[in-house]
Amino acid sequence: MAFRDYGYPFSTEDAIRFSDSMGSWKPFPDTVDALNELKKYTKIALITNTDDAIISETVKHLGVEFDAIVTAEQAGNYKPNRDGFHLALEKLGLDKSEILHAGFGFKYDVIPASELGIKTCWINRYGEVRPASVKETYLVGDMTTFTLLVKGLIQTYNKDDQNVPF
């Protein structure tokens, strides 16, 4: 769609090569360390707009153990549809009040999670202007800062013997 939208020529073979390459894409440099650090304090899960085969390859490259992985294939829909969020809650055995959904896709992550009443953190790596009237609960610029936010929330609430109200 992007090639078509910007008027760049492409072939069916180009689209297949692009799709086949997705499982080998490298994460942002801060992602693996941040996920491993978060894993020490909380459950972590993926809700992804890919299929099972692609995310399986991606997870091999990450080397991070997730508590749940929900793909568009499993949910039967792509985000911003909410089916993936419902399936993740079911797989994790958690209520939406216990979840903090973080993502860099405002339309695909922040909006649907917010509309479901789930607290959100927009990982706004590129300093984008908020594209809708929906507002995230937290805003950070990268995964390292997100990790610091989560650790700070945990420390604040644990100090008062309260559960973190994600």
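Colleague: How many bridges join β3 to β4?

Modeller: Strands of a sheet pair through backbone hydrogen bonds, either parallel or antiparallel. Here four bridges join β3 to β4, and the two run parallel; strands count as paired if DSSP finds at least two bridges between them. Strands (E, at least two residues) and helices (H or I, at least four) are DSSP runs, numbered from the N terminus. This is a predicted model, in which local features need pLDDT of at least 70 and side-chain atom pairs pLDDT 80 or more, while totals for chains, interfaces and linings use all residues. Residues are numbered from 1 along each chain as its sequence is written, and side-chain values use heavy atoms, with hydrogens and water left out.

Colleague: In what order do the three strands of the open sheet lie?

Modeller: The order is β3-β4-β5, with parallel pairing. β3 (100–103) and β5 (138–140) each have a single partner strand, so they stand at the edges, with one side of each lacking a neighbour in the sheet. From one strand to the next the twist averages 20 degrees; axes are lines fitted to C-alpha atoms, for helices over the stretch in contact, and angles between N-to-C directions run from 0 to 180 degrees.

Colleague: Which residue in β4 stands opposite Gly 103?

Modeller: Trp 122 does. Helix α7 packs on the sheet and touches β3 and β4 (contact is heavy atoms within 4.5 Å); the direction of α7 makes about 165 degrees with that of β4.

Colleague: How many aromatic pairs does a search of the whole structure find?

Modeller: Five. Rings of Phe, Tyr and Trp (its six-membered ring) pair if their centres lie within 6.5 Å; planes under 30 degrees apart are stacked, over 60 edge-to-face, the rest tilted. Phe 3 and Tyr 8 are edge-to-face because their planes are at 70 degrees, with ring centres 6.0 Å apart. The pair of Phe 106 and Trp 122 is also edge-to-face, since their planes meet at 70 degrees, with centres 4.7 Å apart. That pair links distant parts of the chain, Phe 106 in α7 (residues 106–115) and Trp 122 in β4 (residues 119–123), 16 residues apart.

Colleague: Are Phe 106 and Trp 122 buried or exposed?

Modeller: Both Phe 106 and Trp 122 are buried (under 20% relative accessible area; exposed is over 50%, partly exposed in between; 1.4 Å probe, protein chains only). Phe 3, at 47%, counts as partly exposed, and Tyr 8, at 51%, as exposed. Phe 3 and Tyr 8 form one aromatic cluster with Phe 10.

Colleague: Which peptide bond is cis?

Modeller: Most peptide bonds are trans. The bond joining Lys 79 and Pro 80 is cis, with omega about 20 degrees. Pro 80 lies in the loop between α5 (72–75) and α6 (83–92).
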